[in-house]
Amino acid sequence: MAYVTSIINLKGGVGKTTITLALAHFLALEHGKRVLVIDLDPQTNATVCLIPEMEWKKRDETGRTLYQLFWDQLKGTRVFSAEDAIVRRVSNVCGGIDGLDVLPSSLQLIKIQERITQITDFESYRHGPIFSLRDALGSLLKRYDHVLVDCPPSLGVVTLNGLAISNSYLIPVIPDTLSMLGIPPILDRVEHFAQCTRRNIRAMGIVVSKMRAQTILHNDTVRRLREDFYERRFPICFDSIVPESTHIAEAADVMTRVNTLQQKYGNDGPYDELSALTREFLSHAAR
Amino acid sequence: MPRVKRPTDSTEGESLTNETQALVETLRAVASQIEADPALAARLMAGPAPKAESGETAQEAPRPTREVVAPPLDPFAVLRQAGEQGLQEALASLDLASLKAIVRAYRLDPARISARWTAPERIIELIVEQVTARLNHGRAFERV
């Protein structure tokens, strides 16, 4: 059965998609894992980093994105098929990586997010489309070793659908003042959700992202994150740190031709860090 | 200004070699000069002067550089004006060095997988593909 990890933070722009994509690539290519990326973020960034945007558009127009899943919930229809929606052998590395698949998101989710929220009971989670994704995926999850869920910057219904199938979650943070404020509410909310739905959802850890090593604030914050692991109830902070990097920014372009992960992420820094992050992720997932 | 320690202040001075003795004498002379000249002391305390402009560094040994070929055309402008066919034709008239100059100047191959390609048609295909993709970037997100 797949080990499912949601990548979440209430704040946007902290590197959720970057970390999801990096883990997906390294797990599939360097560790031979079968990986499914589920893009729950209506911004659709993870999707268009893995498949050309025109292909995504074609799929979106034919009901083969997650928009259709939630639209079905609102309309009482049953059009969505995860089997049809999953795009196989994605990425620009070698023209596609065997064992790396994506379940695409849709910009149209923005239009219906509020309506889905209105029919959801956030206290007991007994009503509303909390388990729509789980029900739609069914036995498909068995095909994968790892499923990575790129969540939107909220803990709304769409994110809860990701948590409802998750074994653990990762919290990417930029090591600055504001990014840190979001950690306790995530821990509280996920714990509440896990209790109500009788699931065990482990906080795997915090991953420092967009680190600028020459910045005193960033270094101080990382030090405090590591100390807080002991002093407060924060999950562990990963040893591997994702640096702020032009290579990582350029890696988002799915139209660029690359043959290796070294070419995609750059040899000098980001590649080594992301490779180490994946090894650390695997060791935590195995515990 | 702290005084330079004289060799006679210590028994270590008795074992100094001739070269060391010469160095000590030189430093002592420099120290004396600094003590006597407050302006020199101030300049030394201020640190090294700012680096000279490029025009003033004529004495530096020239670095060996590869000849850089300027891109003969802007592929984005050509594609906008003449379309894909027009860009193909414009590129077909260029030699390999010029094609690679376009790839380099417009960063069309950041991973440099085309660095060793020698067939112009492969480079032309890469340029057309990348320029077209970048010009159309974001189109799928319009009017959703």
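For angles I used axes fitted as lines to C-alpha atoms, for helices over the stretch in contact, with values from 0 to 180 degrees between N-to-C directions.

The model is predicted, so I kept local features only at pLDDT of at least 70 and side-chain atom pairs only at pLDDT 80 or more, while totals for chains, interfaces and linings use all residues. Residues are numbered from 1 along each chain as its sequence is written, chains are lettered from A, and ligands are numbered from 1, in the order in which they are written.

**Helices on the sheet.** I looked up helix 1 (residues 16–29) of chain A, which lies across strand 1 (3–7), strand 2, strand 3, strand 4 (146–150), strand 5 (168–173) and strand 6 of chain A. Helix 1 runs at about 165 degrees to strand 4 of chain A. Helix 10 (residues 183–196) of chain A touches strand 5 and strand 6, and makes about 165 degrees with strand 5 of chain A.

**Strand pairing.** I counted strands as paired if DSSP finds at least two bridges between them. Strand 2 (residues 35–39) of chain A pairs in parallel with strand 3 of chain A over 4 bridges. I noted D101(A), in strand 3, as the bridge partner of L36(A).

**Contact with chain B.** I found 14 residues from chain A and 9 residues from chain B in the contact. Helix 3 of chain A gives the largest share of the chain A side, 4 residues.

Methods: Helix = DSSP H or I, 4+ residues; strand = E, 2+ residues; numbered from the N terminus. Contact = placed C-beta atoms within 7 Å.
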